[in-house]
Amino acid sequence: VQLQASGGGLVQPGGSLRLSCAASGRSFNNYVMGWFRQAPGKEREFVAAITWNEGSTYYGDSVKSRFTVSRDNHKITAYLQMNSLKPEDTAVYYCAAGLLVSIRTRDYDYWGQGTLVTVSS
């Protein structure tokens, strides 16, 4: 099983980025695709999640109304659209797959390698 995260980069405050997470190696039916982030010196934090079958979405409080999670069943890819970015959004962003809708990292079985998002002027 492989999760490949991409799309990170440097963006100015107020800007936007879209992260992608390409999944392969198994069927992800009944799975939940989650996004987490980890800033330097901080614990990994839940950002958003989407159920693969129904497309139900869940967000952390700090990103609600600014970030949108989605998925493309044909491409087996999850996305995280990030708008109105703030310097405090700077972190390495990880995608993960698990069988539970959860904010806890331990509930996710598979992890991507992370992609760095830097929000700075």
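1. A residue counts as buried when its relative accessible area is under 20%, and as partly exposed between that value and 50%. In this predicted model, Tyr94 has a relative accessible area of 14% and is therefore buried.

2. Seven aromatic pairs turn up when the whole structure is searched. One of them joins Phe36 and Trp111, with ring centres 5.2 Å apart and 55 degrees between the planes, a tilted arrangement. Phe36 belongs to strand β4 (residues 32-38) and Trp111 to strand β10 (residues 108-111), so this contact ties together parts that are 75 residues apart in sequence.

3. The two partners of that pair can be described by their accessibility. Phe36 is buried, at 0% relative accessibility. Trp111 is partly exposed, its relative accessible area being 28%.

4. Trp111 also pairs with Tyr94, here edge-to-face, at 6.4 Å centre to centre and with 75 degrees between the planes. Tyr94 sits in strand β9 (residues 91-98) and Trp111 in strand β10, so the parts tied together by this pair are 17 residues apart in sequence. The centre-to-centre value of 6.4 Å should be read against the pairing cut-off, since centres must lie within 6.5 Å.

5. Phe36, Tyr94 and Trp111 are members of one aromatic cluster, which also includes Phe46 and Tyr108.

6. Which residue lies over the face of Tyr94? Arg44 does, at 3.7 Å from the ring centre. Arg44 lies over the face of Trp111 as well, there at 5.0 Å from the ring centre. Both rings belong to the cluster in point 5.

Note on methods: Residues numbered from 1 in each chain as written. Predicted model: local features only at pLDDT ≥ 70, side-chain atom pairs only at ≥ 80, totals over all residues. Heavy atoms only, no water. Phe/Tyr/Trp six-rings, centres within 6.5 Å; stacked < 30°, edge-to-face > 60°. Helix = DSSP H or I, 4+ residues; strand = E, 2+ residues; numbered from the N terminus. Buried < 20%, exposed > 50% of the residue type's maximum accessible area, 1.4 Å probe, protein only. Lys NZ or Arg CZ within 6 Å of the ring centre and 35° of its normal.
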